[in-house]
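Here is a short briefing on one protein chain. Look at the fold first, then at the core, then at the aromatic rings.

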Amino acid sequence: MKTVKISLNSIDKVKSFVNDVTKFDSDFDLVSGRYVIDAKSIMGIFSLDLSKPIELNIHGDGNMDDILAILQQYIVE
């Protein structure tokens, strides 16, 4: 599992993020405070506070480099 911080501060970013993560078979969880949401659920994402960065847990081993390359545009340090 790998954890990165991402920013989804607009509706268009959320839509493109969900489209990007659904291309992979791996499981993705968004963690905001005590809430854990399936990152492939657009309704779940909109229930979070999107004004600040959110932790993304990526559960998968095989294609981690491919996943991180596609998600690079959302990752914040």
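The model is predicted.

**Overall fold**

- Read from the N terminus, the elements run β-α-β-β-α-β-α-β.
- The C-alpha atoms fill a box of roughly 30 × 25 × 25 Å along the principal axes.
- Of the contacts with a separation of 6 or more, 63% join residues 24 or more positions apart.

**Surface and burial**

- Buried residues make up 42% of the 77 residues.
- The chain exposes about 4,600 Å². Carbon and sulfur atoms supply 49% of that area.

**The nonpolar core**

- The largest nonpolar core has 24 residues.
- Among the residues with the most contacts inside this core are Ile-6, Leu-8, Phe-17 and Phe-28.
- Five elements are listed as giving two or more residues to this core: strand S1 (2–6), helix H1 (11–21), strand S2 (27–32), strand S4 (54–59) and helix H3 (64–71).
- Leaving out residues up to four places away in sequence, Phe-17 touches Ile-6, Leu-8, Leu-30, Ala-39, Ile-45, Leu-56, Leu-71 and Tyr-74.

**Aromatic pairs**

- How many aromatic pairs does a search of the whole structure find? The search finds two.
- Phe-17 and Tyr-74 form an edge-to-face pair, with 5.3 Å centre to centre and 85° between the planes.
- This pair links distant parts of the chain. Phe-17 is in helix H1, while Tyr-74 is in the loop between H3 and strand S5 (75–76), 57 residues apart.
- Phe-17 and Tyr-74 are both buried.
- Phe-24 and Phe-28 form a tilted pair, with 6.4 Å centre to centre and 55° between the planes.
- Phe-24 and Phe-28 are buried as well.

**Asp-20**

- Asp-20 lies in helix H1.
- Is Asp-20 buried or exposed? Its relative accessible area is 10%. Buried means under 20%, so Asp-20 counts as buried.
- Beyond residues up to four places away in sequence, Asp-20 touches Ile-70, Leu-71, Gln-73 and Tyr-74.

Key. Residues are numbered from 1 along each chain as its sequence is written. This is a predicted model: local features need pLDDT of at least 70, side-chain atom pairs count only at pLDDT 80 or more; totals for chains, interfaces and linings use all residues. Side-chain values use heavy atoms; hydrogens and water are left out. A nonpolar core is a set of buried Ala, Val, Leu, Ile, Met, Phe, Trp, Tyr and Cys residues joined through side-chain atoms within 4.5 Å. Buried means under 20% relative accessible area, exposed over 50%, partly exposed in between (1.4 Å probe, protein chains only). Helices (H or I, at least four residues) and strands (E, at least two) are DSSP runs, numbered from the N terminus. Contact means heavy atoms within 4.5 Å. Rings of Phe, Tyr and Trp (its six-membered ring) pair if their centres lie within 6.5 Å; planes under 30 degrees apart count as stacked, over 60 as edge-to-face and the rest as tilted. Accessible areas come from the Shrake-Rupley method with a 1.4 Å probe; for residues, only the protein chains shown count as cover.
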